[in-house]
Amino acid sequence: MTDRNSALLKISGGIHAESKLRPANYAMSSHHCHTPFELFYVESGACRFLIENNMYDLHAGDFILIPPLALHYTRYLFGACRRAILFFGREDLDEATLSCMPHQAAFFSEPRLFQVPEALRETVAVHLGRMVTEEKISDIRSPALLHVQLQELLLYCSRICTFLQDTPANIYTTDPQVLEAARYISSHYMEKITTADVAAAAGFSPNYMSRKFREAAGIGVHEYLTFIRLQHAALELISTEDSITEIAFRCGFSDSNYFKDAFKRKYGLTPRSYRKNT
């Protein structure tokens with residue numbers, strides 16, 4: 001595991017803004033963390049973001065918020081990617097701004113993923129561009145202007161963005177019981193759970209659960225469980241040195257050969273090749 005102290009980046013206080021084009025396959029040296037919040041925005045292209053034990057594939061219009069001291073790492077596997085980054089501290093957030101965010105102040109306590117509607121991305125790009133320019137000007141007025149611009153950006157995002165943290169992957173529904181089933185799978189994927197277990201957690205009969213889940217998600221309960229297990233296994237393959245069999249069992253697969261076949265169907269590579277090539 002990466003040592004958190006050795007990975008700590010020193011970032012001076014205040015609000016900082018930058019925008020850079022990362023070429024395909026640009027590689028960070030290692031996982032790292034820092035004491036300010038980081039707000040990462042994909043302006044164009046796509047990238048893969050790893051925070052602690054979670055993996056996110058980000059595309060144009062996606063924001064991700066990284067809390068202080070959360071280990072994270074970015075990979076650019078999908079071609080060139082232009083991204084903007086803001087660093088700021090808790091002291092840079094006004095109480096009025098906090099009160100308007102989803103979950104209010106608790107919004108900043110964990111990683112958050114949110115998306116800007118395509119029609120409004122140019123507005124967000126202009127706003128971020130103003131902050132990057134102000135960072136470069138860096139005169140006596142810049143700290144106050146950056147403070148105001150940060151509040152404006154967060155308030156605008158709270159109004160227009162789609163916040164995805166509470167919606168499990170690949171589940172596009174507001175049905176609370178289907179979401180509860182998906183959350184149960186996401187929390188218990190490493191265990192030997194069945195459709196009956198998922199149905200009981202959501203308050204459905206197994207047959208109704210299967211039909212309802214497929215209607216809402218476009219995928220069956222078992223297929224979704226396999227999807228979540230494979231997603232976690234993929235992360236472990238590139239973030240640990242454990243054997244493929246150990247990872248398969250830890251992610252809920254009882255048969256390592258089935259795991260290898262399912263992994264290749266999803267990712268187009270064997271687990272060994274995926275680990276080597278990513």
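These exercises work through a predicted model, from its overall build down to single residues.

Residues are numbered from 1 along each chain as its sequence is written. Local features need pLDDT of at least 70, side-chain atom pairs count only at pLDDT 80 or more, totals for chains, interfaces and linings use all residues, and side-chain values use heavy atoms, with hydrogens and water left out.

**Exercise 1. Overall build**

Solution: 
- Step 1. Count the elements. Helices (H or I, at least four residues) and strands (E, at least two) are DSSP runs, numbered from the N terminus.
- Step 2. Take the spans. Along its principal axes the C-alpha trace covers about 65 × 40 × 35 Å.
- Step 3. Check burial. Buried means under 20% relative accessible area, exposed over 50%, partly exposed in between (1.4 Å probe, protein chains only).
- Step 4. Look at contacts (heavy atoms within 4.5 Å). Among contacts with a separation of 6 or more, 69% join residues 24 or more positions apart.

**Exercise 2. Two packed helices**

Task: At what angle do H7 and H9 pack, and which residues meet?

Solution: 
- Step 1. Packed helices are described by the angle between their axes and the distance between the axes.
- Step 2. Read them off. H7 (residues 221–239) and H9 (residues 256–267) pack at about 90 degrees, and their axes are 10 Å apart. Axes are lines fitted to C-alpha atoms, for helices over the stretch in contact, and angles run from 0 to 180 degrees between N-to-C directions.
- Step 3. Classify. H7 is therefore roughly perpendicular to H9. Angles under 35 degrees count as roughly parallel, over 145 as roughly antiparallel, 65 to 115 as roughly perpendicular and the rest as oblique.
- Step 4. List partners. The H7 side includes Phe227, Leu230 and Leu237. The H9 side includes Phe259, Phe263 and Tyr267.

**Exercise 3. The buried side of H5**

Task: Which residues of H5 are buried, and what follows the helix?

Solution: 
- Step 1. In H5 (residues 195–202), Val198, Ala199 and Ala202 are buried.
- Step 2. These residues cover an arc of only 100 degrees around the axis, so they lie on the same side of H5. The arc is that of the directions from the helix axis to the C-beta atoms.
- Step 3. Gly203 follows H5, with a positive phi near 80 degrees.

**Exercise 4. A loop residue**

Task: Is Asn25 buried or exposed?

Solution: 
- Step 1. Asn25 lies in the loop between S2 (16–22) and S3 (33–34).
- Step 2. Asn25 is exposed, with a relative accessible area of 60%.
- Step 3. Not counting residues up to four places away in sequence, Asn25 touches Tyr76 and Leu77.
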